[in-house]
Amino acid sequence: MSRRFGALTALAVVCAVVELVAGRGMSPGTVWEVLGGGGDATERHILLNLRVPRLLVALGAGACLAVAGLVLQSALRNPLAGPEVTGVTPGAVLGAVTATALGLAGWDSPLAVVLAACAGGCAGAALLWLLAGRGRGDPAQTAVQGVLVSAVLGGLTAMVLLVEPGELGSVVQWLVGTTEGRVWEHWHLLWPWALVWGAAAWLLAGPLTLLRCGDDIALTAGLAARRARTLALLCAVALTAGAVAAVGALGFVGLLVPHLAVALFGADLRKSLPGAALVGAVVVCGADAAAQLSSRLLAAGLDSGRLTLPVGALTAGLGAALLLVVVRRTPSRSF
């Protein structure tokens with residue numbers, strides 16, 4: 001187990017180094033020069049005020065989404081339960097886009113965007129709570145209601161786009177997910193949020209492990225299943241809202257990474273929750289590095305200096321392909 005954690009930590013360091021040198025505007029040699037204390041003012045600004053916070057935000061957002069996904073899948077006992085099933089992801093996107101359309105927030109005001117996204121995410125979760133309130137914590141009903149809430153919130157986001165077509169760029173960035181333009185303020189807002197709610201999720205590892213075994217076993221063990229599930233969903237909501245507020249909606253990270261974490265670290269959530277955070281950080285950081293390298297190659301090949309591949313497009317494409325492979329290889333499994 002310790003070797004796996006060590007290997008993933010080493011892989012995270014490799015991905016971080018690749019991301020620092022993958023962007024455009026600076027050669028790898030210049031990056032090392034700046035890290036060594038050299039370089040001019042512009043080069044130091046690009047690396048220390050743009051690339052480093054972008055790297056940290058990618059790591060933090062990946063960890064949040066992965067932990068949120070594992071908490072949801074454990075609490076709802078649904079292997080296809082991702083952050084989207086809570087309504088938080090589309091709610092956070094709706095909040096950020098609406099605030100931007102009203103002129104209350106923008107990409108140049110990270111704090112306002114984070115607050116708007118968190119408010120939207122909490123509103124989406126509250127709507128789910130109202131609709132599923134009579135289900136007495138039934139996992140299947142909560143999952144179905146979450147899908148319906150997500151569809152409604154996605155439709156409202158489309159309506160905002162119709163009213164304010166000038167916000168198309170903002171809508172696309174929030175729907176797809178991107179780490180472009182992230183600065184230190186985004187990181188300073190993300191890490192305390194992620195630390196608090198990540199610790200809360202880890203403290204719920206025992207109850208979540210019992211919930212994975214079923215409500216009957218949990219009740220036999222003396223666990224108040226409904227209360228524990230509510231607290232777990234609250235943690236998942238908060239972690240997802242923080243991640244979406246920072247980078248937008250990164251598809252499939254919260255759905256597929258938990259399965260990889262459980263395969264690597266086992267069903268004991270005291271180990272698999274930290275493992276999921278580490279795997280999620282590696283996946284998003286690696287995907288962002290790959291997106292930057294791809295953007296660099298495409299821009300050179302197409303002679304377009306402004307071409308940028310968002311990391312969310314890469315995670316969504318690779319995640320969808322991986323999900324199809326898993327489903328086709330296990331046709332008899334009930335999802």
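# Reading a helical chain: a tutorial

Analyst: Buried residues make up 47% of the 335 residues in this chain. The model is a predicted one.

User: How many helices and strands does the chain have?

Analyst: The chain has 14 helices and zero strands.

User: What share of the contacts joins residues at least 24 apart?

Analyst: Take the contacts between residues at least 6 apart in sequence: 78% of them join residues at least 24 apart. As for the surface, the accessible area of the chain comes to about 15400 Å², and 68% of that belongs to carbon and sulfur atoms.

User: How many of the residues of H11 are buried?

Analyst: The count is 18 of the 23, so H11 is largely enclosed by the rest of the structure.

User: Is threonine 240 buried or exposed?

Analyst: Buried means under 20% relative accessible area. Threonine 240, which lies in helix H11, has a relative accessible area of 0%, so it is buried.

User: Which residues is threonine 240 in contact with?

Analyst: Leaving aside neighbours within four places in sequence, threonine 240 is in contact with Leu65, Ala68, Pro83, Val88 and Thr89.

User: Now to charges. How many salt bridges are there?

Analyst: Side chains of opposite charge can pair when their charged atoms come close. Here the count comes to three salt bridges. One of them joins glutamate 180 and arginine 54, at 3.1 Å from N to O. This pair links distant parts of the chain, 126 residues apart: glutamate 180 is in the loop between helix H7 (168-176) and helix H8 (184-203), and arginine 54 is in helix H3 (residues 41-76).

User: What does arginine 54 form with aspartate 288?

Analyst: Those two form a salt bridge, with the closest N and O atoms 3.0 Å apart. Arginine 54 lies in helix H3 and aspartate 288 in helix H13 (residues 269-302), so the pair ties together parts that are 234 residues apart in sequence. Both residues are buried.

User: Which residues form the salt bridge at 2.9 Å?

Analyst: Aspartate 268 and arginine 270 form that one. Aspartate 268 is partly exposed, at 25% relative accessibility, whereas arginine 270 counts as exposed, at 52%. As for the network, salt bridges that share partners join Arg54, Glu180 and Asp288.

User: Which residues make the nonpolar surface patch?

Analyst: Leu11, Val14, Val18 and Leu293 make a patch of about 290 Å². Its largest share, three residues, comes from helix H1 (residues 2-22). Leucine 11 lies in that helix and, at 39% relative accessibility, counts as partly exposed.

Key
Residues numbered from 1 in each chain as written. Predicted model: local features only at pLDDT ≥ 70, side-chain atom pairs only at ≥ 80, totals over all residues. Heavy atoms only, no water. Patch = residues over 30% accessible without salt bridge, like charges linked within 9 Å, V, L, I, M, F, W, Y side chains within 5 Å. Areas by Shrake-Rupley, 256 points an atom, 1.4 Å probe, with all protein chains shown as cover. Salt bridge = Lys/Arg side-chain N within 4 Å of Asp/Glu carboxyl O. Helix = DSSP H or I, 4+ residues; strand = E, 2+ residues; numbered from the N terminus. Buried < 20%, exposed > 50% of the residue type's maximum accessible area, 1.4 Å probe, protein only. Contact = heavy atoms within 4.5 Å.
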